[in-house]
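Work through the exercises below with the sequence and the structure at hand. Each task is followed by a solution in steps.

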Amino acid sequence: VMMDGSLLQVGTPEAVYGDPQDIRVASFLGSPKINTIAAEVDAVGVVRIAGHDTGLRAAPRLGPVTLAVRAEDCRLDAREGLPAKVEHAEFLGDAVLVHLKLVDAGDAVIIRVSPTDRRPIGETVNLRPEPSRAFLFDVAGRRVASQPATQQAQVAHG
């Protein structure tokens, strides 16, 4: 992938899509475009969006990061997650693209769900990015190592 005369990443389309090393690469591949959400990594490594634990862990540090997650890698959860309001839905036949606005953070997010998981416009739902499929990028747009909280616990106790 080249942009503005710079070589950003080399690999097959599938490899680059599944493992982007630069936020520009992540944003370039895929439809709909990857969701990017402002987040923070706290002093113990918990990745939070507007105070909500995302289920991701990174190297402990204070500071902003961008969490990027594809539409197909988010779920609606009845019990927990990031509160989001349904703003619009696009019926595609075998899937529905649900346009959401995060209640506490204000970021717009698009997720892909089955038609049976479609929610009415105006409803508040809980959004759960799949931690094992989410990516973190630093303020310069470079990929930051992360792992799901459950993996970190298994490694620490394992």
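**Exercise 1: Asp 22**

Asp 22 is buried, at a relative accessible area of 9%. The model used here is a predicted one.

Task: Classify Asp 22 as buried or exposed and describe its surroundings.

Solution. 
1. The cut-off for buried is under 20% relative accessible area. Asp 22 has 9%, so this residue is buried.
2. In the chain, Asp 22 lies in the loop between α1 and α2 (23-28).
3. The side chain of Asp 22 reaches the backbone nitrogen of Arg 24 at 2.7 Å.
4. With neighbours within four places in sequence set aside, the contacts of Asp 22 are Leu 8, Gln 9, Phe 137 and Gly 141.

**Exercise 2: Val 10**

Task: Is Val 10 buried or exposed, and which nonpolar patch includes Val 10?

Solution. 
1. Val 10 sits in the loop between β2 (6-7) and α1 (13-18).
2. Exposed means over 50% relative accessible area. Val 10 has 69% relative accessibility and therefore counts as exposed.
3. Val 10 forms a nonpolar surface patch with Met 2 and Leu 7, and together they have about 360 Å² of accessible area.

**Exercise 3: The whole chain**

Solution. 
1. The secondary structure consists of three helices and 14 strands.
2. The C-alpha trace spans about 40 × 40 × 30 Å along its principal axes.
3. Of the 158 residues, 41% count as buried.

Technical notes:
Residues numbered from 1 in each chain as written. Predicted model: local features only at pLDDT ≥ 70, side-chain atom pairs only at ≥ 80, totals over all residues. Heavy atoms only, no water. Patch = residues over 30% accessible without salt bridge, like charges linked within 9 Å, V, L, I, M, F, W, Y side chains within 5 Å. Areas by Shrake-Rupley, 256 points an atom, 1.4 Å probe, with all protein chains shown as cover. Salt bridge = Lys/Arg side-chain N within 4 Å of Asp/Glu carboxyl O. Helix = DSSP H or I, 4+ residues; strand = E, 2+ residues; numbered from the N terminus. Buried < 20%, exposed > 50% of the residue type's maximum accessible area, 1.4 Å probe, protein only. Polar contact = N/O pair within 3.5 Å; in protein donor to acceptor, adjacent residues only side chain to side chain. Contact = heavy atoms within 4.5 Å.
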